[in-house]
Amino acid sequence: MRVWLWAEMFLNTVLVVLTDLTARLLGNTMFRQHFHLLLSAVVMFGPALSLWVSQHSVFAKRSHFLYRVFLSSGWGWTCIFVGSFVFLLSFSIRRSLGLSIRHLSRLGVAGGLWLIFCKLLNHLENATGSCYEPLLSGPEVTSGQPVLVLREGESRFECLRAGLLWRGYEVSEDVFLLCLCCLLLAEETAVFGPYLSLGGISDAPLRILFLFCVLLLGLWIFLLLCLLAYFPQFPTQLLGGALGCLSWRGLYQGWYRQGPSWYCPGRPGQGLLNTKTGGTEDQDAQLSHDHCD
């Protein structure tokens, strides 16, 4: 019994130390102000890693477990963990279902924007693309690479159903999604550090959810590096990263700064950081301002 008690105390101490350190990092002003620049540098210079990575690595196969399970459902994973963290944090502070839903609506807005852009990018590829048939043998093939022969009058659906290739103006939806999820995770979890510094009460479930969000952020950055290194596609990946950063800036650095109203959910942490800590409205406003700068 005593051994179990010591083990529980040890695990709880490790949890508190890890969450305090990561919350302090994500809530740091320098990190919040420059994380998008760091992500932009990764997208711009990440394809250079293809010069050093091995194409025989397990991450060079799109059938890898991480790509199939996490990348293909990236928005779902982000909504599950970030939504749970935002709801638990807001509801445990204010006990207001309406306020918690308002903060959760930021995920709905970002998800709607992502779906709209995916539809627009799909229409763009359909409108600018053409169908090609690869020739694997013949006098035109000299270097072992297949020659693409244009097939006119084919729609994208008919082209892909026939097993042919469709080439059009493409923007990487994977890079777009990963960049948007990384920036969203950084914004939504950055409020936890200021909340703890003001004396906010946090139990184990909230800290575990926060740690899961941090791990998910690390996983998205890792998968982004893998895509850039093992599957470099210029400029489609650069355009996808730019679209993700622009979406984040339009939402978190633009619209959400107008404050909570019937048409705006407000910034992360707004209206939450003064109840449990005994602070004032001025402290809440100042902390929210620091969170966005």
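This is a predicted model: local features need pLDDT of at least 70, side-chain atom pairs count only at pLDDT 80 or more; totals for chains, interfaces and linings use all residues.
Some ground rules: local features need pLDDT of at least 70, side-chain atom pairs count only at pLDDT 80 or more, and totals for chains, interfaces and linings use all residues. Residues are numbered from 1 along each chain as its sequence is written, and side-chain values use heavy atoms, with hydrogens and water left out.

Confidence comes in as pLDDT, the predictor's own score for each residue, from 0 to 100. The chain averages 86, and 89% of the residues score at least 70. Residues 275-289 fall below 50, and this stretch has 25 contacts in the model beyond near neighbours in sequence, a contact being heavy atoms within 4.5 Å.

Now, the core. A nonpolar core joins buried Ala, Val, Leu, Ile, Met, Phe, Trp, Tyr and Cys residues through side-chain atoms within 4.5 Å, and buried means under 20% relative accessible area with a 1.4 Å probe, protein chains only. The largest one has 67 residues, and Phe85, Leu89, Phe192, Trp220, Leu223 and Leu224 touch the most other members. Helix α9 (residues 204-230) gives the most, with 15 residues; helices here are DSSP runs of H or I, at least four residues, numbered from the N terminus. Leaving out residues up to four places away in sequence, Leu223 touches Leu66, Tyr67, Phe70, Leu71 and Leu178.

Last stop, Arg257. Where does Arg257 sit? Look in the loop between α10 (236-252) and α11 (281-292). Its C-alpha is 9.9 Å from that of Pro268, 11 residues away in sequence.

Terms used. Helices (H or I, at least four residues) and strands (E, at least two) are DSSP runs, numbered from the N terminus. Buried means under 20% relative accessible area, exposed over 50%, partly exposed in between (1.4 Å probe, protein chains only).
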